[in-house]
Amino acid sequence: MPVRAPSLGPTTPASGVAAIRRTRIWALAEIRWAAAAVVLFLAGLTAQLAGGPAGLWWSLYLACYVCGGWEPGLAGLRALRERSLDVDLLMVAAAIGAASIGQVTDGALLIVIFATSGALEAFATARTEDSVRGLLDLAPETAIRVRDDGGEEEVRAADLAVGNVLVVRPGERIPADATVIAGASEVDQATITGEPLPVDKVIGAEVFAGTLNGTGMLRLRADRRAEDSVVARIAALVDDASSTKATTQLFIEKIEQRYSIGMVAVTVAVFAIPILFGDSLQRALLRAMTFMIVASPCAIVLATMPPLLAAIATAGRHGVLVKSAVVMERLGTTDRTAFDKTGTLTLGTPELTDIQSLSADFTIDGLLGLAAAAEHPSEHPLAAAIVRAAHDRGMQLPAADDFTAHPGRGVSARVDGRQVEVISPAALPADAATAATTAAIDAFQTLGHTAVVVTVDRRPIGVLAISDQLRPDARQAVTALTATTPVLLTGDNAITAVQLASQVGITDVRSGLLPDDKVAAVRDLQSGGDNVTVVGDGINDAPALAAAHVGIAMGHNGADLTVQAADAVMVRNELTAIPTVINLSRQARRVVIANLVIAATFIAALVVWDLVGTLPLPLGVAGHEGSTIIVGLNGLRLLRNSAWTTQPPTSRHPEETNSQRPQVTAPHDPSSAATNESACHVYLT
């Protein structure tokens, strides 16, 4: 389960979780100017509709022009100095032109739209930068370094050198990527690998900066400098992957450039040519301003935005936060969907799933009661799963004495006068490992479960199986996406990954992946021309989400950086919403195409009328605004609840059939296990 850094409060040394240093919303100049423009526009519109003095609402609208238009106008003028003409400057010019012929309300609305868009972009960028800083804060600022004389000293983590010997005590975060040279403990490294359970670390094991040490003390040898650590590379990968998306905007910028130049050139021509042929200045100016209004791309922009924004609103009502209209449009072009395992397809919380008794002297409840009593004082996630299973059965646990935790091995305690141990299979003495015990362990591990052995007075009496639980809607969601060829990307081991994939119907499984491996896997999938949507929840998923065509984060327990790096967030963690929002995006794209045809038809007809004949200004404004209303209302159809439906798209990979599924061990059959009382074997749900 990912560790989510809190957004408020100081850093807590006990947990090592750093606070996210958020940029305040009003600290952004773009937000302040856009808010001022909106307020002034609403005030001017209210005064105009209420029949107030024209000087009043004109003044309010012009103030709106200044607040919302000075920044894009200045940026446009700077671009002109570099011989570039962008749409922002064109919109400011169109707004000024509208005001010059009395259409100040239309111009002010145009200014508000662009100012608000710029403010939202600045806000999203600031939050992503905040999250990257928060990720880097996962690694502690200081470390305990062992001097040559054996003494200890506290130093800055940034000053650590390769080869330094470090000491990490229970509950502390590891300050550097390192190798264990003494001691043993379990380490929660979900922030890096996504593994749901702490991993036992013994001499020779690798540990990562920013991960959380468990109950044992570790002596480490630093392998990398702070700037080269895995956690630092994750932050760099997020930045790099996010910046590569900017290349997809180059085509749009080229279109904007050509449209801007063409519109300005035609407007000047519409004004100048009639004068050369003896037309009056006022008549030529009126024709040119009419052309600027009817040829304005506002209708095109509004033809595109209402359906996308309506789709965003509909998705939001159903628990999916899509961060922009661009993302909503991209979702509809998804060809493949890649899922993380832990916390995405699974709940990210270990649960006791199987119990097998090895002794006729102990019932299932008796075995579970002894194990839960011995584990009750422990804080280990596996212990919590065992105790929770006992409580779910309404069991009263006996008291445990002489409790001892053995990092990397298990626990021991005296319960009802007997020495009870709950240990890992590796910690089971060779002379105590019976054939039945080994068979039970192998069976559980083959199914992808974590096996623990319960002994009484050093004699094995049972084996418990613990595993992360599949989300109830995981198979339904993946089934709805099979036409887009789902993929599983996980840092977990191959046996567990393949077993889970077989349960949900995923055929392409890629396991044992670190964050940079996931990015490489996504880019490999995209190299074949597929648009890949990645769904994840942990910090280790953030680079892959940023590199993907669309990144979707599980928002309920998702890591802060992952939520910020993602393009969309599943607020309710309902996986079935993923195929539904993709279908919603496809509906929006179809409406956008229809709206563009309508808008283009109106613009072409009005422009031709203005150039060939004499288009009255009121009629031009009516046609322009009328087309805007039509496409706007058409787009708002997606606000209906009926738009939220799942219709799996046609597969782009028809050659992939069920016969190509990997051969995996069949999952355990709960019906047969639940009735096999003679073997004292029970399946827990």
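These legends describe close-up views of a predicted model.

Local features are taken where pLDDT is at least 70, and side-chain atom pairs count only at pLDDT 80 or more, whereas totals for chains, interfaces and linings use all residues. Residues are numbered from 1 along each chain as its sequence is written, and side-chain values use heavy atoms, with hydrogens and water left out.

**View A. Confidence across the protein.** The mean pLDDT, the predictor's confidence in each residue on a scale from 0 to 100, is 78 for the protein, and 78% of its residues reach 70 or more. Confidence is highest in strand S3 (residues 165-168), at a mean of 94, and lowest in helix H22 (residues 670-674), at 33. Helices (H or I, at least four residues) and strands (E, at least two) are DSSP runs, numbered from the N terminus. Residues 1-20 have pLDDT below 50, and this stretch makes 51 contacts in the model beyond near neighbours in sequence; a contact means heavy atoms within 4.5 Å. Residues 241-252 also have pLDDT below 50, with 14 contacts beyond near neighbours in sequence.

**View B. Spans annotated as transmembrane region.** An unreviewed UniProt entry gives this annotation to residues 31-50, 56-77, 259-277, 289-313 and 591-609. UniProt positions are in the numbering used here, feature names are shortened, and annotations may be inferred rather than shown by experiment. In the model, residues 31-50 are 95% helix and 0% strand, with the end C-alpha atoms 28 Å apart. Residues 56-77 are 100% helix and 0% strand, and their end C-alpha atoms lie 30 Å apart.

**View C. Packing of helices H8 and H20.** H8 (residues 281-294) packs against H20 (residues 577-612) at about 170 degrees, with the axes 9 Å apart. Axes are lines fitted to C-alpha atoms, for helices over the stretch in contact, and angles run from 0 to 180 degrees between N-to-C directions. The two helices are therefore roughly antiparallel; angles under 35 degrees count as roughly parallel, over 145 as roughly antiparallel, 65 to 115 as roughly perpendicular and the rest as oblique. Arg287, Thr290, Phe291 and Val294 of H8 meet Ile603, Leu606, Val607, Asp610 and Leu611 of H20.

**View D. Packing of helices H12 and H13.** H12 (residues 364-375) and H13 (residues 381-392) pack at about 130 degrees, their axes 9 Å apart, and are therefore oblique to each other. On the H12 side the contact holds Leu368, Ala371, Ala372 and Glu375, and on the H13 side Ala383, Ile386, Val387, Ala389 and Ala390.
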